[in-house]
Amino acid sequence: MFRIGIGHDTHRLVESRPLVLGGVTIPFDRGSDGHSDGDALAHAIADAILGALCEGDLGVHFPDSDSGWKDADSMQLLSRVVWLARERGFEIENVDANVMLERPKLRPHVESMRENLARALNIDAGCVSVKAKTGEGLDAVGRGDAVAAQAIVLLKPED
Ligand SMILES: [Zn+2]
């Protein structure tokens, strides 16, 4: 039986923080505020996998109160969630994700993000879609105050 899940994440952009998306550190004067490295794309995908498993959200599994996840590499966090899915007898079929960021332009980094994510998800990069959007100058993303991501994943039973 297939399972489907949806995930979403938003981080405030602040000075003196790295901007990490899909495991790629993007040169910029601001970055994601947050407990881990603030990788909104990795978090949205992990959230979608947990959703497909009916396992709550990321905060349940990696609480802010746990100092072990301070400045954590979110790709490791994503790998942990993929491992949880395998424990339940599922593997990832495909992922489709949107990243919303006003600037800088993400397109030059999308291929690296897809490769990093595919490695953590244990699938081919051809099954990982990352689409870069802006906020068109509107809302928190559009004002450059936030980065957001949404993802949908399909899980299939392990062979
Ligand atoms: Zn997050």
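1. Ser67 sits in the loop between H2 and H3. Helices here are DSSP runs of H or I with at least four residues, strands are runs of E with at least two, and both are numbered from the N terminus. Ser67 is exposed, at 60% relative accessible area. The classes are buried under 20%, exposed over 50% and partly exposed in between, with a 1.4 Å probe and protein chains only. Ser67 and Val14 are 53 residues apart along the chain, and their C-alpha atoms are separated by 21 Å.

2. A word on the basis. This is a predicted model, in which local features need pLDDT of at least 70 and side-chain atom pairs count only at pLDDT 80 or more, while totals for chains, interfaces and linings use all residues. Residues are numbered from 1 along each chain as its sequence is written, and side-chain values use heavy atoms, with hydrogens and water left out.

3. Seven salt bridges turn up in a search of the whole structure. The criterion is a side-chain nitrogen of Lys or Arg within 4 Å of a carboxyl oxygen of Asp or Glu.

4. One of them joins Arg88 to Glu55, at 2.0 Å from N to O. This pair links distant parts of the chain, 33 residues apart. Arg88 is in the loop between helix H3 (74-87) and strand E5 (90-100), and Glu55 is in the loop between helix H1 (40-52) and helix H2 (58-61). Arg88 is partly exposed, with a relative accessible area of 41%.

5. Glu91 and Lys156 form another salt bridge, their closest N and O atoms 4.0 Å apart. Glu91 lies in strand E5 and Lys156 in strand E7 (residues 146-157), so the contact ties together parts 65 residues apart in sequence. Lys156 is partly exposed, at 23% relative accessibility. A network of salt bridges links Glu91, Glu93 and Lys156.

6. E5 and E7 run antiparallel and are joined by ten bridges. Pairing requires that DSSP finds at least two bridges between two strands. Val99 stands opposite Ala149 in E7.

7. E7 has a further partner. Strand E1 (residues 3-15) pairs with E7 in the antiparallel sense, over ten bridges. Arg3 has Leu155 as its bridge partner in E7.

8. Within helix H4 (residues 110-121), Arg114 and Glu111 are three residues apart, about one turn of the helix. They form a salt bridge, with the closest N and O atoms 2.9 Å apart. Glu111 is partly exposed, at 45% relative accessible area.
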